[in-house]
Amino acid sequence: MNNGKVDVLLGLQWGDEGKGKVVDVLTPDYDVVARFQGGPNAGHTLEFEGQKYVLRSIPSGIFQGDKLNIIGNGVVLAPDLFMDEAKDLERSGHPLKDRLLISKKAHLIMPTHRLLDAAQESLKGKNKVGTTGKGIGPTYTDKVSRNGLRVGDILEDFEAKYKIHKAHHEQMLAALNYTDYDLAETEKKWMEGIDYLRQFTLVDSEHEMNRWICSGKSILCEGAQGTMLDVDFGSYPYVTSSNTVSAGACIGLGIAPQKIGNVYGIMKAYCTRVGSGPFPTELFDETGDLIRQIGHEYGAVTGRERRCGWIDLVALRYAIMVNGVTQLIMMKSDVLDSFDTIKVCVAYRQNGKRLDYFPYDIETGIEPIYEVLPGWKTDMTQMTREEEFPKAFKDYISFLETQLETPIKIISIGPDRSQTIVRK
């Protein structure tokens, strides 16, 4: 038996680390790219050959013509948004139907899930999570409470199943006093999306995955969001509704833990966060504004301003531990090119005590302890080899590697595919 390799690629911070670009850079080494969790709340932006694409549900390997791509059972899929995304790609010359397989066990996001999302967020008032309003949470809630509709359901008696689920949601909305809505237009487009989904190859993805492994194929599993948004290990309750850590690849694709090889952890050279929730190194000053401007820190799907701050090594060490990260990938190093000094959070102070580990509660009384490193004051965006890096930047890399006890293998110095340096 010629066992293939399965590697996992995921974000180590609060999402938006630049996973899409890295998948696109790494895919030439793999036969299959598989998405294992999340939904259209995550946007992976890829730029090459003068074009910019935002992928929400489709794996980022779709641009490599000879690769298979699979949407796994752990993903939640909105048929209408999927149809828009897929048709855009087809118009730009990327034939999807022969490159993309979809798990029958993936759950469907219904139009009423979005209404439930809005109703539940409005009830929370100032304690709201800051969801993208795409219906992700309510869809995963239905999945866990065994009330979900799945992709496989569209193959038989779908209208009847849909009506039962819709009626159940409408009862819930009425109980929440959320009655001012009109579903007609959304529902019409959603049903078009269902018809469009039927044109794809719908599979028992766990069987496909394991068949590929046994036949020696190499697979890259692509996560969405970031480790600090994991429903178990993130800054709960300000998290997403799925497991974004590497173990989620086993659950979301039906592969055994011992099949996982490398775990690539992606981080920015600083930190960002979208929506509500604790963020120990957040900057509320001109430096934070400057990072946002230079880094174009606005949501790929929502356009929302991202909160910005210095890199947090306490949170990163934690993320490396729970994921079993074997190699780090650092994105957006060039955003810090013009800074005189750069701060790195090496520990927290809470109630007068120094903490070197990530605690249960980071919402109250956490104060970052910083080390200050000299900036490199050099435009790195045109560099093509690590030998060209300024000494201060090399020192920054060494400092991070020592603190995190993990090698930084790939460094990104700009948004384009070509602005990626693989270190020797």
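This is a predicted model: local features need pLDDT of at least 70, side-chain atom pairs count only at pLDDT 80 or more; totals for chains, interfaces and linings use all residues.
Residues are numbered from 1 along each chain as its sequence is written, and side-chain values use heavy atoms, with hydrogens and water left out.

**Entry: the helix pair**

I looked up helix 10 (residues 313-323) against helix 11 (residues 391-404) and found an angle of about 55°, with the axes 10 Å apart. Helices here are DSSP runs (H or I, at least four residues) and strands likewise (E, at least two), numbered from the N terminus. Axes are lines fitted to C-alpha atoms over the stretch in contact, with angles from 0 to 180 degrees between N-to-C directions. Helix 10 and helix 11 are therefore oblique to each other.

Which residues meet? From helix 10 I noted L313, L316, R317 and I320, and from helix 11 F399, L400, Q403 and L404, with contact meaning heavy atoms within 4.5 Å.

**Entry: the aromatic rings**

I then turned to rings of Phe, Tyr and Trp (its six-membered ring), which pair if their centres lie within 6.5 Å; planes under 30 degrees apart count as stacked, over 60 as edge-to-face and the rest as tilted. The count by this rule is 13 aromatic pairs. For W376 and F393, the ring centres are 4.7 Å apart and the planes at 65°, so I logged the pair as edge-to-face. W376 sits in the loop between strand 18 (366-374) and helix 11, while F393 is in helix 11, 17 residues apart. W376, F389, F393 and Y396 form one aromatic cluster.

How values were computed:
Angles under 35 degrees count as roughly parallel, over 145 as roughly antiparallel, 65 to 115 as roughly perpendicular and the rest as oblique.
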